[in-house]
Amino acid sequence: MLYILSRLGMAIGVIWGSITLVFFIVNVLPGDVATLLAGDDVPTETETIHQLREELGLDRPLLVQYMDYIAGLFQGDLGTSYANSEPVLDRLLDNLGPTLALTLSSMFVAVILGLILGILSAVYQNKLLDGIIRVLSLIGVSTPNFWIGILLIWIFSVQLHLLPSIGNGSFEQLILPSIGLGITGAGVITRLIRNSILEASNEPFIRSLRGKGIGQRAILLKHILRHALIPAVTMLGMIFGEMLAGSVVTETVFSRQGLGRLIVDAIDQKDIPIIQGSILFTAVFYVCINMLVDISYRFIDPRIRLNEK
Amino acid sequence: MIAGLKKKNRRNSLWSVSLLLLSAAFILFIVICSIFPDQIARHSPERMNPSDALLAPSLDHLLGTDQFGRDIFSLIVHGSQQSLVIGVLSVLIGGGMGGLIGLVSGYCNHAWDSAFMRIMDIIMTIPGIMMAILVSAILGPSTLNLILAVSIASLPGYARVMRGQVLHIKDAGYVHASKSIGSGHAGRILFHILPNSLPPMLVMATIGVGNSILMATGLSFLGLGTVHEIPDWGYLLSLGRDYLTVAWWIGFFPGLFISLFVISVNILGDAYRNYLDPRSAAS
Amino acid sequence: MSVLLEIKNLSVSVERGKEILPAVRDVNLGIGSGEIVCLVGESGSGKTVTSLAVLRLIDYEGGRITGGEIIFHEQDIASLAQKEMNGIRGRKIAMVTQDPMTALNPVFTIGNQFVEVIRQHKSVSRMEAWEEAIRLLEKVHIPEPASRMKQYPFELSGGMLQRVAIALALACQPELLIVDEPTTALDVTIQAQILNLLLELREQESMSILFITHDLAVAAEIADKVAVMHEGTIVEQGTVREIFAFPGHWYTKTLVQSKRGLLMGSASVYDCQDDEIILEAEGLSKFYPLKSKPFQQKRYVQAVDQVSLSIRKGETLGLVGESGSGKSTLGKLLVSLQKSDSGRILYRGKDVTGGTKRTQKELRKNTQVVFQDTFSALNPRWKVEDIIGEPLRVHTKLSKDGIRERVEEVLRLVDLDPAFRTRYPHEISGGQRQRINIARAIILHPEFLLLDEAVSALDLAVQSKVIDLLKKLQQDMGLSYVFIAHGLDVVRDISHRIGVMYLGRIVEIAPAEELFTKPAHPYTKALFEANPTIDLDRRRKRHVLHGEIPSPVSPPSGCHFHTRCPLATEKCRSKAPVMDVLSEERTVACHYPLEEKERVELLR
């Protein structure tokens, strides 16, 4: 319990840190929001820009702006969109659902595929199947997922007319994007599982288990796998973050609604508050997931739990 | 039985050696492309010719043409320079700064270490591509900003690896021995710790070139890349998406080049890792 | 005696990287029922490979039996299918693997692992298996077996775990027990407990034991029959008496002689006449903070506790003690590799604790260190000449040629060919690497050398040669040593005086021979009693210290040793004894030092 509390405290600290970091990147980097908003044809330091700055409150001291921003956050105010003056929070919440659906289903694809291929690859170490899986996972981690998305659309929608290529809402529309996004993660997980299984099977206690007449299958399924999954679990949080970020690109490829699209549109419109808000959202998600991973880790690995007693 | 074992081993190593050579050859080819694009590609990448628009791959246009009639192969060859420069420079900047932070963090006392590591934790909460989007959105699209964005995003990874290495090497017998001889901090860092913690960083940097290129192409796919006469690979790919139904080759070939290049870089990095740590050669 | 297992002309090949190498050639060995056979040899001699072949586990580790038979109950194990082997493994032949800390799956409780093994071989319910396991734990004398069952392996000490591993192997009353270096990772008092346990179990269960060890003395303690392995073949076998009294093969002779040499050729003559004190420690203490949780009081490990000692010119002070005794930390404090928390260090009468940069550098020039791990002590990217020359580059302004000249000179001093200077550490053997380490330590002509387990990782024959070198250097250069080791025989061989440490305190210091023949502290006595010896006449079941070393985080009150001391009284529990001068050279920290005969008898 004490652990969970202190972990929670740490998570809040990190979130505050990333809020601050993003704020300062936005406000301190030499790029000037007002100039950016005004567009290229307005020369710098003109009346228009000064006016804009005043409107956005950018002429106040940085620290005041920062305190204001933090105070706003406590009231659920993430600022207003430059583009259509809507509250940022509302826009984000509107778009959160589809992105979470995509991220979670891609996670599912990645974990299931990665687990199966990783185990197969380790069991058939240095055999043909292992070779094929290793090449596939290498391709998985090395291929840009937007290109995989484009290929999937071309094969399954354009050529075979099997699945819809764009839009969101239905389950069918989720299939191709999840696969497209999931493949990268699957590649990472496959390599991870394979390595940790091979590492676990070199543990000395495996030798003593064999020496006690325990069968190969029981050793693999009970002892090696349990051991190998522990390091894999710690990576889940990282992979989740990657997926969440990857959804930005995938949503663009498949013209899906979601945080990613929101960000891309915001980039076009130079709508900084939206970008800032979306990044904070992903950061919060990332921190929370990693906190859950850390806490669950203690239940999977008794060594961690008991070392602190 | 023994003979069988031997044969399999030989087959395995033959396979991985040829794969390695192939990867090295491909990387070399791309490097040559980026230095002498005009010698490799026959067509000018800037020549627009409406009568040649959207031609399928043929002997004249090996990989087809785009909607303006530009030769895809020429575009890829000429675009390679930009992708390569982004990949390599962002690794140098990100790896260099990350390495320095890791070195200081691992070598110095606990307070500095935890301060640096908390900052890295915070940077890590913002996934790489998000950080890159933010930075290039603020600074505006340009090659330099793209490099900066990718560097910052990859920084914590390098810092962590370097810190782990330094913590490990710091405790090696020869560092203690050097201390007991009476050498100073600078001598120990320069002659003992740094050279021995670099190899894993080099592995990471090799693979990092691939990752940086993936990230950079993703950014230019989103329109945050550079706006030049000659588009880079990522932007080329995003153009292809709109013509998927009529001209698959516009999107297909740039993606293929990105993938092949990143795969080659990864194979090279893996081989280097195995060379450094023969125990992991089995995996 | 009927023969239980007979190995005939066994040859095994093992895959090493890309090559297949013969690891064991033409091994013949018989094990009678109820017999303890010791397979003795250095690392890499093929002992473990042979034992793995008997269980056919070698198949899983990249090896193949290439010839010969292993006859067990009229069956040839060498040609059985793996499926059939699962009926023999654990049931008829059981095995205890090397390091107890890694022999059990860390993520399952002890009880779970027992139940799994018992139910693999017997059709019993979970409950029955659980109770059976508790009986087994009782059999190996584990206190509170029922609560141990619910613990995880890493919650137990090494000695306890080894008992658990043995109990687990006994689960199905095997006829043959294979134990691979079962005591190597353990302290000497715990080792004695385990050896006694094995002897006791052999009687009770009437089983045979194949005991694998690198330690001749351990073999002499426990074996009925000894087989000596060298480079993959058995060079000699026979009864213990035959082997140790009349070694036949040259290799066995060298082994026995180097072990005996450690006992006989000791530096017993106190030939160190110089009374000049080089290094002195006064009330040194060091504690390490433990990682604590928030809202909890910080806890410390008291690694070194108020230690005072002095080292004379040309003298070797040995430091012995079991793990957690703080001997290594004390060594590091002496050469200022770590800062002490209190107390001071005097170098030639000058206080050098936390001195200025200049005095530090001066001290570093005159005090050098040689570590245990010969490999990690050498920067893998440097050539030998750069490694040995490093001190010269730090402290002198010699030219390149000057350095080379000096390097070649010290290489000759440590009996190495000067041509070694162009090699890299991975290209030379362990013994040669340690000579390089020594060469680097002496190149500046220091006065004091800290030898921290400097020969412990070396094989016996190499070990005695390095010891000879150290003795020679001491005479020629007038060096002072602090020699830290857990192997008592080595310390006895090289030291003039020996300090015995227990839980951070020195409990006794005395001239080497006197300490061994007339120990004054009960712990010293127990330590020496537990030490195995190849002197067969002393072989008997002797007094063994009970219990384990307490945790240094919360050491016992009063005299730290009172929890295990058979002589302890109320006074020992409440009041810590101070160092008392017994005679001119001897000090001891005990309320009841063993001088009178009856107290010695009490210990029996």
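Reader: What percentage of the 283 residues in chain B is buried, and what makes a residue buried?

Author: In this predicted model, 52% of the 283 residues of chain B are buried. The test is a count: a residue is buried if 20 or more other C-beta atoms lie within 10 Å of its own.

Reader: How many helices and how many strands does chain B have?

Author: Chain B has 10 helices and 0 strands. Its pattern along the sequence is accordingly written α-α-α-α-α-α-α-α-α-α. The C-alpha trace of chain B spans about 75 × 60 × 30 Å along its principal axes. Of the contacts in chain B between residues at least 6 apart in sequence, 69% join residues at least 24 apart.

Reader: What makes the span of helix 4 of chain B close to the expected one?

Author: The expected span is 1.5 Å times one less than the number of residues. Helix 4 of chain B has 15 residues, for which 21 Å is expected, and its first and last C-alpha atoms are 21 Å apart. The span is therefore close to the expected value.

Reader: Which residues of helix 4 of chain B are buried, and what do they pack against?

Author: Met120(B), Ile122(B), Ile123(B) and Met124(B) are buried in helix 4 of chain B. The buried residues of this helix pack against helix 1 of chain A and helix 6 (143-170) of chain B.

Reader: How many residues of chain B are in contact with chain A, and what makes two residues count as being in contact?

Author: Two residues are in contact if their C-beta atoms lie within 7 Å. On that basis, 41 residues of chain B are in contact with 43 residues of chain A. Helix 5 of chain B gives the most to the chain B side, with 9 residues. By class, the side of chain B that touches chain A has 23 nonpolar, 15 polar and 3 charged residues.

Reader: How many residues does the contact between chain A and chain C take from each chain?

Author: Chain A gives 21 residues and chain C gives 28 residues. The elements of chain A that give two or more residues to this side are helix 1 (2-28), helix 9 (204-211), helix 10 (216-253) and helix 13 (302-307). Helix 9 of chain A gives the most, with 6 residues. The side of chain A that touches chain C holds 6 nonpolar, 7 polar and 8 charged residues.

Reader: Why do strand 2 and strand 5 of chain C stand at the edges of the sheet?

Author: The open sheet has 4 strands in the order 2-1-4-5, with antiparallel pairing. Strand 2 (19-32) and strand 5 (75-76) of chain C each have a single partner strand, so one side of each is left without a neighbour in the sheet.

Reader: How do you know that strand 1 and strand 2 of chain C pair?

Author: Two strands pair if at least two bridges are found between them. Strand 1 (residues 3-16) and strand 2 of chain C have 10 bridges, in the antiparallel sense, and therefore count as paired. In one of these bridges, Val12(C) has Val24(C) of strand 2 as its partner.

Reader: Why does Gly324(C) count as partly exposed?

Author: Gly324(C) has 19 C-beta neighbours inside 10 Å. Buried takes 20 or more and exposed takes 12 or fewer, so Gly324(C) is partly exposed. Gly324(C) is in the loop between strand 13 (316-320) and helix 11 (327-334) of chain C. Beyond its neighbours within four places in sequence, Gly324(C) is in contact with Leu503(C), Ile549(C) and Pro552(C).

Reader: Which residues have the most contacts inside the largest nonpolar core?

Author: They are Ile275(A), Ala132(B), Ile133(B), Leu134(B), Cys38(C), Phe211(C) and Val482(C), in a core of 324 residues. Leaving aside neighbours within four places in sequence, the contacts of Val482(C) include Ile311(C), Leu317(C) and Leu450(C).

Reader: Where in chain C does pLDDT stay under 50?

Author: This happens over residues 266-270 of chain C. Where pLDDT is low, the predicted coordinates should not be read in detail. For chain C the mean pLDDT is 86, and 93% of its residues reach 70 or more. The model has an ipTM of 0.82 and a pTM of 0.82.

Terms used
Residues numbered from 1 in each chain as written. Chains lettered and ligands numbered in written order. Predicted model: local features only at pLDDT ≥ 70, side-chain atom pairs only at ≥ 80, totals over all residues. Nonpolar A, V, L, I, M, F, W, Y, C, P; charged D, E, K, R; others polar. pLDDT = per-residue confidence, 0-100. Core = buried A, V, L, I, M, F, W, Y, C linked by C-beta atoms within 7 Å.
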